[in-house]
Amino acid sequence: MKIPFVDLKAQFASIERDVRARIDGVLAHGQFIMGPEVAELERALADFAGVAHAVGCASGTDALLLVLMAHDVGPGDLVFTTPFTFMASAEVVSLLGATPVFVDIDPRTFNLDPEALAAAVGAALSDARGRPKAVIAVDLFGLPADYERILAIAEAHDLLVVEDAAQSFGAESHGRPAGSLAHIGTTSFFPAKPLGAYGDAGAVFTDDEEIAARLDSIRVHGKGKEKYDNVRIGLNARIDTIQAAILLAKLAVFPRELEARRRLADRYTRGLEGRVGTPWVPEGQRSAWAQYSVLSDDRDALRGALQAQGIPTAIYYPKPLHLQTAYAGLGHRPGDLPVSEAAAARIFSLPMHAYLTEEQSDEIVRALRETAEPSAT
Ligand SMILES: *Cc1c(COP(=O)(O)O)cnc(C)c1O
């Protein structure tokens, strides 16, 4: 048996007609840059995320960059974020000359720990490198961070809170969609994300009309009334029309796919409880299950046994950002952010996609149970 970690071929087989029809539409009208599918997608995304405006862009990384640029983040600004995430969440801060401040995570959700955030913001008031400006919280593996508490801390210090929903588009917290949970939200449509394009793409979500207009300007070289009137420094960060067209076809089946991911996660948890540390979903939240990640002290042995049976696994993330070579300049040492470091040492992710069959997931559970000692969490 060979199980793909993410099965884009099975998905394509089930939506091929719609995808081809959508792409044909773009080939026929020829408006490859900012064609009509972009506005159509933005309307659909805004409705899905429950916000007034969605602004499409070239990637999830550009979405974060656009947000920080629209809020004039730059040298002298401190931006608080988690080290247990993909590089992009912090990279954009450094790219603009601001300083990322890494804050440890909650051991059960793997998301920014609000108590650690409050302590870090307090300590930063006397930080010579700058003044607190923003928080980038990440909804890791598809589970929303604790925005109720993060927003309360941020509001006391007048900080912008950005929701990096690159992994959580489709998730919910107390009935509200991911992307709408902070002051502004971003997502990624990288092919392997819960809603993936066939190339790079992303979006920003906001209720603020003025910010939406600024984002629209920055993604096209800081355009003013028209393209050759430049009112600010911007980027080339548009979403391709063909990717927007593909996403429109995929959005139609996305709710069904989310349900399939949730059923798979429940089946994994029922089968694996007591053998590995299974994901915890707080009351009132629904994950988009970008990843189904488990914890074990026996990670290498378990991954090896699965690999031998044709079952792929992955480690997100093997090295927290504060210990990356790129961030050596921040002067961190192992032990500085112990919860993130412990998670990085024990975590691994199982195959997760909407087209995994019950037989396949039972096979994965069986293979893991065969190797994992009872209660070795
Ligand atoms: C994937 C990802 C990004 C970046 O998205 P791209 O579209 O690859 O640029 C940012 N943040 C997180 C948490 C991600 O998982």
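Mentor: E172 stands opposite R286 in β10. This is a predicted model, in which local features need pLDDT of at least 70, side-chain atom pairs count only at pLDDT 80 or more, and totals for chains, interfaces and linings use all residues. Residues are numbered from 1 along each chain as its sequence is written, and side-chain values use heavy atoms, without hydrogens and water.

Trainee: What makes β6 and β10 a pair?

Mentor: Strands are DSSP runs of E of at least two residues, and helices are runs of H or I of at least four, numbered from the N terminus. Two strands pair if DSSP finds at least two bridges between them. Two bridges join β6 (residues 172-173) to β10, so the two strands pair. They run antiparallel.

Trainee: Which strands form the open sheet, and in what order?

Mentor: The order is β7-β6-β10, with antiparallel pairing.

Trainee: Why are β7 and β10 called edge strands?

Mentor: β7 (176-177) and β10 (285-286) each pair on one side only.

Trainee: Why is I33 called partly exposed?

Mentor: Buried means under 20% relative accessible area, exposed over 50%, and partly exposed in between (1.4 Å probe, protein chains only). The value for I33 is 48%, so I33 is partly exposed. I33 lies in the loop between α1 (8-29) and α2 (36-49).

Trainee: Which helix supplies the largest share of the lining of the largest pocket?

Mentor: That share, three residues, comes from α3.
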